[in-house]
Amino acid sequence: MKILVTGGAGFIGSAVIRYILSDTKHSVVNLDKLTYAGNLESIPVSLHDERYVFEQVDICDVAELDRTLLTHEPDIIMHLAAESHVDRSIDGPGEFIQTNLVGTYTLLEAARKYWNCLDRNKKEAFRFHHISTDEVYGDLPHPDDVTDGQYLPLFTERTSYAPSSPYSASKAGSDHLVRAWLRTYGFPTIVTNCSNNYGPYHFPEKLIPHIILNALAGKPLPVYGDGSQIRDWLYVEDHARALIKVAIEGQIGETYNIGGHNEKRNIEVVETVCSLLEELVPEKPKGVSAYTDLITFVKDRPGHDVRYAIDATKIANELEWTPEETFESGMKKTVRWYLNNQEWWQRVLSGDYQMERVGDGVEK
Ligand code: NAD
């Protein structure tokens, strides 16, 4: 099988590609524009073989999408390319509308044109898997705001959409486009909505790597508001495994929620990083007696959702997927990874990763 992954140089896309290359026999086409969030160094050269091809393409570019699809003739498209950082969407929503909405529309149309030209067998087997977030559902009641014993709901596949940020609104819109292409044109789509991911190769602007790297440098550890917001955390390699299962075995037209059953307050996440660093790096930066002393509460993000939590029963029952990592084991692996892979994140912090040489030696 040949799988085309959009956004394959990003955090989750690269985990999907590493999983395909190391644990399956499938081939993969990595289609990525290489924005600031795209880093080809997240796919180690040791994994590159004849099953792996990279195409530097923008999902808003119709002609380049047509060329890539006709050149590689994928059996499955997994669509992960997106602008993904909530804070950036608040500061400048335009890119999010362009990539997440216009880009998804452009890709859907190119993929539908390609699918229409396939021979009968290939056409029947083809599927377009759209990867999305639980943030499209808005937020849920927080345990601090409900009385004892009151039921705390979870997001299910039937929860209504109520996005709060420009990022989640753009992802919600893209989910609707994908479902409309199924209903209107019979184009074979599947959607997954997942909770917050963490793990290796996470861009340092995101909470967990930001906290690890700031703590190692003896810098403040910023926590929004009082840190009570709850997120459900999933180790990225568990997500990658779930995505391949859905892409290959999922039912056309279905939505699957993916989550880690790990509801944690942001402050607990930060404290977990601090206690792992106390254990693994007891020699602290000059002037720091405990990593937790670096925790600094900062003004809350506007429109900040108070709680996300996923009910992942459907994917467990129908596709027999459950996460392998607990929050504790996944966090330990993550902190260790950042300690053992300083070159990767130092090249991100310095900007050198954007000078990575591509294919035949052309610098991007
Ligand atoms: P990321 O920001 O790390 O990576 C996005 C990738 O898309 C980058 O490689 C970037 O270069 C590429 N890209 C951006 N614009 C593009 C364009 N116009 N054309 C082609 N490529 C482009 O994101 P991520 O965290 O890996 O998330 C991947 C997907 O999963 C997104 O759709 C996101 O909404 C979804 N998701 C993320 C999380 C999470 O916790 N990170 C959780 C649930 C769902």
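## Around the ligand

In this predicted model, four elements each supply at least two residues of the shell around the ligand: the helices α1 (11-23) and α4 (94-116), and the strands β5 (127-133) and β7 (196-198). The ligand is surrounded by 31 residues, and the closest are Gly7, Gly10, Lys33, Gly38 and Ala82.

A UniProt record, from an unreviewed entry, places the feature "domain: NAD(P)-binding" at residues 4-334. Over residues 4-334 the chain is 40% helix and 17% strand.

## The seven-stranded sheet

Seven strands form an open sheet with parallel pairing, in the order β3-β2-β1-β4-β5-β6-β10. Its edge strands are β3 and β10 (255-258), each of which pairs on one side only. On average, neighbouring strands in this sheet are turned by 20° against each other, with direction ignored.

At one end of the order, β2 and β3 run parallel and are joined by five bridges. Leucine 31 stands opposite glutamate 55 in β3. Helix α6 (residues 166-185) packs on the sheet, where α6 touches β5 and β6 (189-194). The direction of α6 makes about 155° with that of β5.

## The three-stranded sheet

A second open sheet has three strands in the order β7-β9-β11, and its pairing is mixed. Here β7 and β11 (263-265) are the edge strands, each pairing on one side only. Neighbouring strands of this sheet are turned by 50° against each other on average, again with direction ignored.

Three bridges link β7 to strand β9 (residues 230-235), and these two strands pair in the parallel sense. Tyrosine 198 stands opposite tyrosine 235 in β9.

## Helix α7

Which residues of helix α7 (residues 207-217) are buried? They are Leu207, Ile208, Pro209, Ile211, Ile212 and Ala215. In an α-helix there are 3.6 residues a turn, so residues three or four places apart point the same way.

The buried residues of α7 pack against β7, β8 (221-224), α9 (266-280) and α11 (327-340). After α7 comes glycine 218, which has a positive phi, near 70°.

## Valine 62

Valine 62 lies in helix α2 (residues 62-72). Is this residue buried, exposed or partly exposed? Valine 62 counts as partly exposed because it has 14 C-beta neighbours inside 10 Å, while a buried residue needs 20 or more and an exposed one has 12 or fewer.

Apart from its neighbours within four places in sequence, valine 62 is in contact with Thr106 and Ala110. Valine 62 and glutamate 109 are 47 residues apart along the chain, and their C-alpha atoms are separated by 8.6 Å.

## Positive phi in two loops

Most residues other than glycine have a negative phi. Leucine 34 has a positive value, near 60°. Leucine 34 lies in the loop between β2 (27-32) and β3 (52-56). It is partly exposed, because 19 other C-beta atoms lie within 10 Å.

Glutamate 320 also has a positive phi, near 55°. Its place is in the loop between α10 (313-319) and α11. Why does glutamate 320 count as exposed? The reason is that glutamate 320 has 9 C-beta neighbours inside 10 Å, and a residue is exposed if the number is 12 or fewer.

How values were computed
Residues numbered from 1 in each chain as written. Predicted model: local features only at pLDDT ≥ 70, side-chain atom pairs only at ≥ 80, totals over all residues. Near = placed C-beta within 6 Å. Pairing = 2+ DSSP bridges. Axes fitted to C-alpha atoms, helices over the stretch in contact; angles between N-to-C directions. UniProt positions renumbered as here; feature names shortened; annotations may be inferred. Contact = placed C-beta atoms within 7 Å.
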